[in-house]
Amino acid sequence: MRSASNAEIKCIRSFLFADNLCKAYRLQNVNYSMDMSCMEHELEEKGRKSMEDAERKLLQECNAGAKMAVKSIDQVCEHASDGKLLDLLSAYKDKHKEIEKETTELLEGDGQKTKEPGVMASAFAKTSTGVKLMMQEDSSQIAKIMMDGCNMGIQAISEKINAYPSASEKSKKIARKLIQIEEDFMEEMKAFC
């Protein structure tokens, strides 16, 4: 019987620990099946880590998207005078804050950080919104700006759902909920165009 190498011993220990020592008898006979079991365990761990990474990234993107929407809504509210429009903007701001809160709780509960919207994207959005409102400050212009933002949000989150197929169903459900909020918001903005 040949002696096991350090790498094989380390792999065996990892395997035994992960499987609660239920296969301890294999220590006596290091063979191909043990190597394969250890490799399967490592692949399983990598798959689990990949899923966790995908879930974290998707939640972070939803969190950043919701924050971006809240900032944009705040910016246009300063220029809105129509009571119905202001009520609608306030209602959708609250819906985006709910998504932000939910994703923040999930991320922080798992020891992860939230994600801020990109600096360049935020600066561009703020500047372009400001310029558009200087040129035409009315409900129609505000609605168009919000619809553009909704469309970008829908595209961005849809891309992330497709980019992270191994994300948990819970995180995908939140992402789909955010997309639905954006779609509903865009539809309601059409009444002001």
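1. A salt bridge here is a side-chain nitrogen of Lys or Arg within 4 Å of a carboxyl oxygen of Asp or Glu. With that in hand, Glu169, Lys172 and Arg176 are linked in a network of salt bridges, and a search of the whole structure finds 10 salt bridges.

2. A word on the source: this is a predicted model, in which local features need pLDDT of at least 70 and side-chain atom pairs count only at pLDDT 80 or more, while totals for chains, interfaces and linings use all residues. Residues are numbered from 1 along each chain as its sequence is written, and side-chain values use heavy atoms, with hydrogens and water left out.

3. Have a look at Glu61 and Lys115, whose side chains meet in a salt bridge (2.4 Å, N to O). Glu61 lies in helix H2 (residues 32–77) and Lys115 in the loop between helix H3 (83–109) and H4, so the pair ties together parts that are 54 residues apart in sequence. Helices are DSSP runs of H or I, at least four residues, numbered from the N terminus.

4. How buried or exposed are these two? Glu61 is buried, at 17% relative accessible area, and Lys115 is partly exposed, at 31%. Buried means under 20%, exposed over 50% and partly exposed in between (1.4 Å probe, protein chains only).

5. Next, Lys93 and Asp74 form a salt bridge, with their closest N and O atoms 2.5 Å apart. Lys93 lies in helix H3 and Asp74 in helix H2, so this pair ties together parts that are 19 residues apart in sequence.

6. Finally, Lys190 is found in the segment after helix H6 (169–189).

Technical notes: Helices (H or I, at least four residues) and strands (E, at least two) are DSSP runs, numbered from the N terminus.
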